[in-house]
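Thanks for passing this one along. Here are a few notes to read beside the model.

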Amino acid sequence: MEYGLHLLVLIALYGALATSLDLVAGHAGRITLSQAAFYGLGAYASALLAVRAGWPFLAGALVGVIVAAVLSLCVSIPSLRLRDDAFVLATFAFQMIVFSVLNNWTELTRGPLGIPGIPRPRILGWRADSTGELALLAAGILILTRLVVSRLAGSPFGRVLRALRENESWAQALGKDTLRCKASAFAVSAGLAALAGSLWAHYVTYVDPFGFTFMESVLILSMVVLGGAASSWGPLIGAAMLVLLPEALRLLGLSNAAAANLRQIAYGLLLVLMMRFRPRGLAGRYELR
Amino acid sequence: MQQILLNALISGSTYALVGLGFGLVLFTRRFFHVAHGGVISVAAYLCWALATGAGLPLAASAGIAVLAAGLLGMALDAGVYRPLRKKKAGPTIFLISSLGILVALQNGLSLIFGDDVLSFRSGRIKIGVEVFGARITRVQITILAVALVTWVLVWLLLRGTRAGRMIRAVGSDAELAHILGLPAERLSLLVFFAASSIGGAAGILLGLDVGLTPMMGFQALFMGVVVVILGGMGNLAGIAPAALLVGLVREAAGWWLPTQWQDTSVFLLLIVFLALRPQGILGDVSWKTGE
């Protein structure tokens, strides 16, 4: 039961992460390779504030969200001015920089040793202690993320995103400030990822840089690709499948390291197969190009 | 000081080799073949397995591994990329597919060989020779030599031969080249063979110099990507000065800052270039992937 709840927490958080990425990758049609970096920034901001300064969960999470959103602008604004591949590369570089900083700025982050002892989240006096309560919180974050993304997607802003995804010159000709829209979408996406990261930190009570690597970004992207982009349920479906896949592999009774490798190989091949045979994903509204 | 310059030259040569392979595919086929990192690692491990596992002489192992890398690259083009080209897939699909291959290859190596650092060394650690007041090992001299020779060969291939001209034509405008009757698919295979062989050589040299890990290709690839962008999109020649610049920045950072910030300095250099001079050192601003 406990383990089942743990899986629910994972599915909820990864669902939130995938949904947040979908705003940029699906609706705006620009894939990024940095979702894990923002996720990590939220986690570390929360961890540091909680452990070093005793800040409560929501306050730390808010700081994480703001930091992520602001940093996202530093990445998006210079690179979106150029062209799409510059943006992808910039997010890639940003991902590598964030990991490098988390891993090497030992005075602040304790580097590879990580930050232990993060307290369970407290919201207005209520402490979420049991896995069940944390699953509720995670579900709450998932619902909030889905709400934000779906409201934005359904709004005129969302329509502009999809317009610039299909043909940016036309959108610009219609007078839309496409740079601002893309940068805004990216900032929202970053903030939501950071929020999920904050809960992760308080859930696991320990963070280290290795949970926020480039491969983690690829994993989150895979969830969007598998489940389907620019759709309400796609990212969540993708998240659920990719969280549960390792569990299925576990039943084969392999060693931990071998299972981890096989899981990754499966992800990789899945990406290749999806791109070849079903770029729309399982439930996507947008076919990746 | 001389040691910094020499180290910069050596690491720059490695980046230049990796960048050359990656850039060949990028400029002619117009997408980010990140799986190249996987090919680099595979070549290194194959050479290691042949040399230390099967006991073959190093030169033979390296030769076989380079050839195998070339073949692997061709197989990827024929098996994965060509079907995507037929479907008129865009750059995003190519990138994601390539990522998938990279992840699969890397983890395949990790599964077979484990994650510990492997080494070619069987004897004592060699101190190296002194040159102009700095130290250099035999492997490092080989790196410089191989880089130089490879560059000259590629230059001759692209500028001097008919195949090279055709490759440049395809890179410039693939559709027009196809209409004019150039054998685009065969040229594609040739490009991948050349690029992957070069990558394989880079991987083997890296393995000899610092050892092997499953992530080595990916890490090398990142430097290669930086070097290609800094050098200028659409222009292979820019890779050489860019590689030297990156080598210098990295070594200087290692000298003045705590060494763990070396890679971060390079990434920051990339962002600075993207912001201020996106076309790179010798590049063309109008160059685009995909379309």
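1. Thr178(A) is buried, with a relative accessible area of 3%; buried means under 20%, exposed over 50% and partly exposed in between, using a 1.4 Å probe and protein chains only. This threonine belongs to helix α9 of chain A, residues 178-204, where a helix is a DSSP run of H or I with at least four residues, numbered from the N terminus.

2. A word on the basis: this is a predicted model, in which local features need pLDDT of at least 70 and side-chain atom pairs count only at pLDDT 80 or more, while totals for chains, interfaces and linings use all residues. Residues are numbered from 1 along each chain as its sequence is written, chains are lettered from A and ligands numbered from 1 in the order written, and side-chain values use heavy atoms, leaving out hydrogens and water.

3. The side chain of Thr178(A) makes polar contacts with those of Glu168(A), at 2.9 Å, and Gln172(A), at 3.1 Å. Such a contact is a pair of N or O atoms within 3.5 Å; within protein, one must be able to donate a hydrogen and the other to accept it, and residues adjacent in sequence count only if both atoms are side-chain atoms.

4. You will find zero disulfides over all chains, a disulfide being a pair of cysteine sulfur atoms within 2.5 Å. Cys74(A) is partly exposed at 48% relative accessible area, whereas Cys181(A) is buried at 13%.

Note on methods:
Helix = DSSP H or I, 4+ residues; strand = E, 2+ residues; numbered from the N terminus.
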